[in-house]
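Subject: Structure handover

Hello,

Here is the structure for you to look over. My notes on its charged pairs follow below.

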Amino acid sequence: MTGIEHFNVIAGMRPATGYSHGVAARGRFVAIAGQVAMGEDGELVGAGDPMAQVERVFENLSRVLSAAGASFGDVIKFGVFVTDIGILPIVREVRDRHVGANPPASTAVQVGALFQPGYLVEIDALAVVPDADRALA
């Protein structure tokens with residue numbers, strides 16, 4: 001994508017798989033607050049169902065990106081917070097459907113709890129909407 005460069009293979013480091021070691025970008029910066037599986041009515045979507053919750057989280061991320069004039073292709077970093085590290089394969093499966101071949105930099109952390117009981121995953125994101133007339137050298 002114009003304006004975004006992924007660093008996946010770096011001398012002296014194991015090649016990144018499923019994420020990028022680093023991402024450089026130029027353009028308008030967009031910070032997205034942690035999104036959870038909350039529906040429009042403010043209620044938890046997918047109680048006890050990690051797949052349903054992750055799907056809703058990515059729907060919410062998509063809505064915020066769209067409101068900012070961005071897409072998943074503009075995301076340079078995800079912060080993933082799960083209450084059970086066993087949820088990560090589900091997060092990766094859903095994320096990969098949205099980000100394609102160049103996944104952003106990413107951090108994944110298991111936490112004791114999220115802001116309310118029942119929520120299993122929260123994901124925040126950083127995106128850069130590239131300037132149309134400037135590409136990275």
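Arg56 and Glu59 sit three residues apart in helix H1, so about one helical turn separates them. Helices are DSSP runs (H or I, at least four residues), numbered from the N terminus. Helix H1 covers residues 50–67. The side chains of Arg56 and Glu59 form a salt bridge, 3.7 Å from N to O. By salt bridge I mean a side-chain nitrogen of Lys or Arg within 4 Å of a carboxyl oxygen of Asp or Glu.

This is a predicted model: local features need pLDDT of at least 70, side-chain atom pairs count only at pLDDT 80 or more, and totals for chains, interfaces and linings use all residues. Residues are numbered from 1 along each chain as its sequence is written, and side-chain values use heavy atoms, with hydrogens and water left out.

Arg56 is buried, at 14% relative accessible area. Glu59 is partly exposed, at 36%. The cut-offs: buried is under 20% relative accessible area, exposed is over 50%, and partly exposed lies in between (1.4 Å probe, protein chains only).

Arg56, Glu59 and Arg63 are linked in a salt-bridge network.

The whole structure holds four salt bridges. One of them pairs Arg97 with Glu55, with the closest N and O atoms 2.7 Å apart. That pair links distant parts of the chain: Arg97 is in helix H2 (residues 88–99), Glu55 is in helix H1, and 42 residues separate them. Glu55 is partly exposed, at 23%.

Arg95 also forms a salt bridge, with Asp96, the closest N and O atoms being 2.7 Å apart. Arg95 is buried at 6%, while Asp96 is partly exposed at 39%.

Best wishes

Definitions and conventions: Helix = DSSP H or I, 4+ residues; strand = E, 2+ residues; numbered from the N terminus.
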